[in-house]
Protein chains: 2
Amino acid sequence: MRHFKIRNQLVEQFKCLEQQSEARIQLLQDLQEFFRRKAEIQLEYSRSLEKLAERFSSKIRGPRKEQHLLSSVNCWYLVLNQTRRESRDHATLNDIYINNVIVRLAQISEDVIRLFKKSKEIGIQMHEELVKVTNELYTVMKTYHMYHTESISAESKLKEAEKQEEKQFSKSGDLNVNLLRHEDRPQRRSSVRKIEKMKEKRQAKYSENKLKCTKARNDYLLNLTATNAVVAKYYIHDVSDMIDCCDLGYHASLARTLRTYLSAEYNLETSRHEGLDIIENAVDNLDPRSDKHKIMDMYNQVFCPPMRFEFLPHMGDEVCQVSAQQPVQTELLMRYHQLQSRLATLKIENEEVRKTLDATMQTLQDMLTVEDFDVSDAFQHSRSTESVKSVASESYMSKLNIAKRRANQQETEVFYFTMKSRSSVDPLIHGSQ
Amino acid sequence: MRHFKIRNQLVEQFKCLEQQSEARIQLLQDLQEFFRRKAEIQLEYSRSLEKLAERFSSKIRGPRKEQHLLSSVNCWYLVLNQTRRESRDHATLNDIYINNVIVRLAQISEDVIRLFKKSKEIGIQMHEELVKVTNELYTVMKTYHMYHTESISAESKLKEAEKQEEKQFSKSGDLNVNLLRHEDRPQRRSSVRKIEKMKEKRQAKYSENKLKCTKARNDYLLNLTATNAVVAKYYIHDVSDMIDCCDLGYHASLARTLRTYLSAEYNLETSRHEGLDIIENAVDNLDPRSDKHKIMDMYNQVFCPPMRFEFLPHMGDEVCQVSAQQPVQTELLMRYHQLQSRLATLKIENEEVRKTLDATMQTLQDMLTVEDFDVSDAFQHSRSTESVKSVASESYMSKLNIAKRRANQQETEVFYFTMKSRSSVDPLIHGSQ
């Protein structure tokens, strides 16, 4: 019977909605557990970073305070600052997971349970209505069929009475001929009246049944339309409404919770980025020249040039001027010419050395400033394989490449130093002696 | 003596450069240790995240596979994906620290040691030259003073001889008178010659010393200028050059190493950001309507509307039409008018309920979609205090606020359900029976 099938479907619908609610509660529980454990991981990470930063910061708080003025040392301090910043940010993440995300998830769990209960109440109401309606339809259909059967039987009984009447009538037709001649027999007259009475009774019964049947049929037809309308309304609107009631706010609340998580993660990232920018700025400002001057300023007494050597004359010899009269004049002139030619040679030599030095320095600079620090390849996530390449393989950082580059660099460096040491000694005055 | 002071300064300069190199080696060692430990922390973090993701992923691979089609479950899967992605990225960070950053730092350490050694060699050469020059100056100064003293003494001896000669001369002037009269005494003539000879000798000695002194004085003066020039050159250029040689490539290599670190961190961030964007997109697509339809599709047999109830007529009664002839006509008409007036009333009532429902739903929607998920305040780093506010304090997530909001929300919800259950039952046909 169709209305039993509907009743089974209604039971299955509740089961299905209950399963969905259970799946949701499971999901929310998983999410809570996940964020609880992730919060723990954040805290562990935060503490490890804090300890790491502390270990090296305490070293710094020791002697040689002035060192932090140097651009290289400044970078190191900023790396430690960044570590502390990351530590604090991951602790904040832990805080947000525990005190915000998980709290929200627990509330959504409560909501899911409460809303399922309430929706089920409304659903039961709707189901009862539906069952009532289909039961009614069944009843009016039965009634119609019952009245129809009765109407058929009343009709056949009426027809039987009419047949009897007709039989009596044809008998009395034969009789009529006789009756015209003979007197009516009272026995026969009462029999005709009886049949007529029965026929009238059966006619009345038939008419009554026929009316009942028509009414029942109308009821059945009206109920049929109404029930089909109610069933259609239930399947098209009410089930959907019931699910809506179960869902009320679920997606919105889950979205807000996940947005809280995202907000935390994005903000962690922004903070991290700001910190990295500070370090990058310090790296941009790594400057050997200014560091050199700072060191020379720090150790001022060690690097300040001494006073000039002054002429220590005897009394009356104060005029600090070379005597160029005879007989030393010739000797001085000779020496002067020697120095001039030596100077000319040195100038040429020095110019050559300087050129070679500059070129070598340029080669070294090119080697030293090669842009070999981009590691973005290592962070490519191919969606298909989910594998990550090893950074050390095949790239700029491979062992062979490193060895080659370093050998090359040191060779150039040795050459540079050889040229430098040749140029740094000043053989002008003293070499000629 | 000034040149001893210079010698001390040169020793101090080497000490200072050695200290600077040692400070650098210490810094590089600290950085290596720091990155080694930071790499460990990355690996621990990566493994924890991996384990966490694995724990929940294995749960998912179980039954109810079709669930992932739901937008809410999809978010959960993407959160797990993001966790795996973070895990991989932090493992990559570990790889880069170990196989790139630390390797570079070790190389810079080697470079610092090697370059300090070489620079010291050049420096020693320069220092020897400087000491030689100042020693020479000292020597020529001494020579000048010695010759000057000798010249003075030769001068005074010459003057003495001249005086003696003069004395002899004046004596012989007295004698001359006598001599004209008397014959010269040979004794006296030899004495005069002796004095003259001595005077000549002393004159020669004086001239010789005077010339030596002049030469020494010239040497001294020339050396003085040259030495001052050499010292000035050393202090102005050579010391600076020596430090440059020590520094050669240090800042550039350190910059490249730190840029490798920064590149890794920035790329981690970019990858993280991409992953978060994927989740955000899924959160944007959280959609109760499509989830509802997916569930109804999944459980198609439970939610598909049943076949319409058909009219089950008797033979010859196939025309499924309400009979509206007398005597049921009057009754049907009466019932029709009843229904019409009831329908009109219900329409008004339903319209009222619908309006209230819509308004209540709007209130609920406003509550459910309030933008209370921004936690950026928690990531503000005030440079002065370095303290971070607790997220749960004073903000939207305070206990009091949560309780208030939830009470408010549930009250509205109850009202909504009451109205909903009133509207969901369809009393039109059946209520009038």
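Predicted model: local features only at pLDDT ≥ 70, side-chain atom pairs only at ≥ 80, totals over all residues.
Residues are numbered from 1 along each chain as its sequence is written, and chains are lettered from A, with ligands numbered from 1, in the order in which they are written. Local features need pLDDT of at least 70 and side-chain atom pairs count only at pLDDT 80 or more, while totals for chains, interfaces and linings use all residues; side-chain values use heavy atoms, with hydrogens and water left out.

The size of an interface is often given as the accessible area lost when the parts come together. Here chain B and chain A bury about 18300 Å² between them, and 62% of this lies on carbon and sulfur atoms. Buried area is the accessible area (1.4 Å probe) that two parts lose on being put together, summed over both.

The interface of chain B and chain A holds 58 residue pairs in polar contact, with both residues at pLDDT 80 or more. A polar contact is a pair of N or O atoms within 3.5 Å; within protein, one must be able to donate a hydrogen and the other to accept it, and residues adjacent in sequence count only if both atoms are side-chain atoms.

Side chains of opposite charge can pair when their charged atoms come close. The whole structure has 51 salt bridges over all chains, each a side-chain nitrogen of Lys or Arg within 4 Å of a carboxyl oxygen of Asp or Glu. Across the interface of chain B and chain A there are 26 salt bridges. One of them pairs A:Asp244 with B:Lys292 at 2.8 Å, N to O.

Another salt bridge joins B:Asp284 and A:Arg259, with the closest N and O atoms 3.0 Å apart. This pair crosses between chains, from helix α4 (residues 250-284) of chain B to helix α4 (residues 250-284) of chain A. B:Asp284 is partly exposed at 47% relative accessible area, and A:Arg259 is partly exposed at 21%. Buried means under 20% relative accessible area, exposed over 50%, and partly exposed in between (1.4 Å probe, protein chains only).

B:Arg256 and A:Asp372 form a salt bridge at 2.9 Å, N to O. B:Arg256 lies in helix α4 of chain B and A:Asp372 in the loop between α7 (328-368) and α8 (399-424) of chain A, so this pair also joins two chains. Both B:Arg256 and A:Asp372 are buried. A network of salt bridges links A:Glu110, A:Asp111, A:Arg114, A:Lys118, B:Arg406 and B:Glu413.

Within chain B, B:Lys212 and B:Glu208 form a salt bridge at 3.7 Å between the closest N and O atoms. They are 4 residues apart in helix α3 (residues 186-247), so about one helical turn separates them.

The structure has 0 disulfides over all chains, a disulfide being a pair of cysteine sulfur atoms within 2.5 Å. The sulfur of A:Cys246 is 7.5 Å from the closest cysteine sulfur, in A:Cys245, which is too far for a bond. A:Cys246 is buried, at 8% relative accessible area.
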